[in-house]
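Biologist: I am new to this structure and would be grateful for a guided discussion. May we proceed by question and answer?

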Amino acid sequence: MSQNSPKPPIPHLQKLINECYEAMVDAINEECNANGSEDARSAACTVNTNDGYMDLWMDHCGNTEVIIVHDNDNEGECPLLCKAIEDGLPDWSETVEQWEEDNPYEDEWTSHGFRDEADYIHWRYG
């Protein structure tokens, strides 16, 4: 009795999923750059393909949308491809956490080595 195991993704499909993943990471990072990680709510991007393009959207709640548009402007139904791409998109919270690690909070106090204003006042007058 043999076990059924899922087939590995076709190489060009995996390449497309990876491109979508990277594009969405960039879009989430741009959203964090523009609004800060606390106020980043959704991100969108477009990935061009040989046959058209894909519009990708996701929000901080985990909702996603993939729209595939072919060169002839046909928004044909490709539910399996859309599902594969949605499943391959990054996790919102993990991406934001990475952005926060790469972009530590800095204000006039932290940029001068203090935790906050109270830390400065304690050092200055304490």
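Biologist: At roughly what angle do the axes of α1 and α2 cross?

Modeller: Please bear in mind that this is a predicted model. The axes of the two helices, α1 and α2, come within 9 Å. Their crossing angle is roughly 50°.

Biologist: Is α1 parallel, oblique or perpendicular to α2?

Modeller: Angles under 35 degrees count as roughly parallel, and those from 65 to 115 as roughly perpendicular. The axes of α1 and α2 cross at roughly 50°. Therefore α1 is classed, relative to α2, as oblique.

Biologist: Is the crossing of α1 with α2 left-handed or right-handed?

Modeller: The question concerns the sense in which α1 passes α2. That crossing is right-handed.

Biologist: How many nonpolar, polar and charged residues make up the contact of α1 with α2?

Modeller: On the α1 side stand Leu13, Leu16, Ile17, Cys20 and Tyr21, and they meet Leu81, Ala84, Ile85 and Gly88 of α2. Gly counts as polar. The division is therefore 8 nonpolar, 1 polar and no charged.

Biologist: Which element supplies the largest share of the largest nonpolar core?

Modeller: The core has 23 residues, and those touching the most other members are Cys20, Met24, Ile28, Met54, Leu56, Ile85 and Trp92. At least two residues each come from α1 (11-35), β1 (42-49), β2 (52-59), β3 (64-70), α2 and α3 (92-102). The largest share, 8 residues, is supplied by α1.

Biologist: Which residues does Ile85 touch, not counting those up to four places away in sequence?

Modeller: Ile85 is among the core residues that touch the most other members, and it also takes part in the meeting of α2 with α1. Beyond four places in sequence, the residues that Ile85 touches are Leu16, Ile17, Cys20, Met54, Leu56 and Val66.

Biologist: How far apart in space are Pro79 and Ile67, C-alpha to C-alpha?

Modeller: In sequence, Pro79 and Ile67 are 12 residues apart. In space, their C-alpha to C-alpha distance is 9.7 Å.

Biologist: Is Gly52 buried or exposed?

Modeller: Gly52 lies in strand β2. Its relative accessible area is 8%, and buried means under 20%. Gly52 is therefore buried.

Biologist: With which residues is Gly52 in contact, leaving aside neighbours within four places in sequence?

Modeller: Gly52 and Asp71 are 19 residues apart in sequence, yet 4.4 Å apart in space, C-alpha to C-alpha. With those neighbours left aside, the contacts of Gly52 are Val69, His70 and Asp71.

Conventions. Residues numbered from 1 in each chain as written. Predicted model: local features only at pLDDT ≥ 70, side-chain atom pairs only at ≥ 80, totals over all residues. Heavy atoms only, no water. Core = buried A, V, L, I, M, F, W, Y, C linked by side-chain atoms within 4.5 Å. Buried < 20%, exposed > 50% of the residue type's maximum accessible area, 1.4 Å probe, protein only. Helix = DSSP H or I, 4+ residues; strand = E, 2+ residues; numbered from the N terminus. Contact = heavy atoms within 4.5 Å. Axes fitted to C-alpha atoms, helices over the stretch in contact; angles between N-to-C directions. Parallel < 35°, antiparallel > 145°, perpendicular 65-115°, else oblique. Left-handed = near helix turned anticlockwise from the far one by under 90°.
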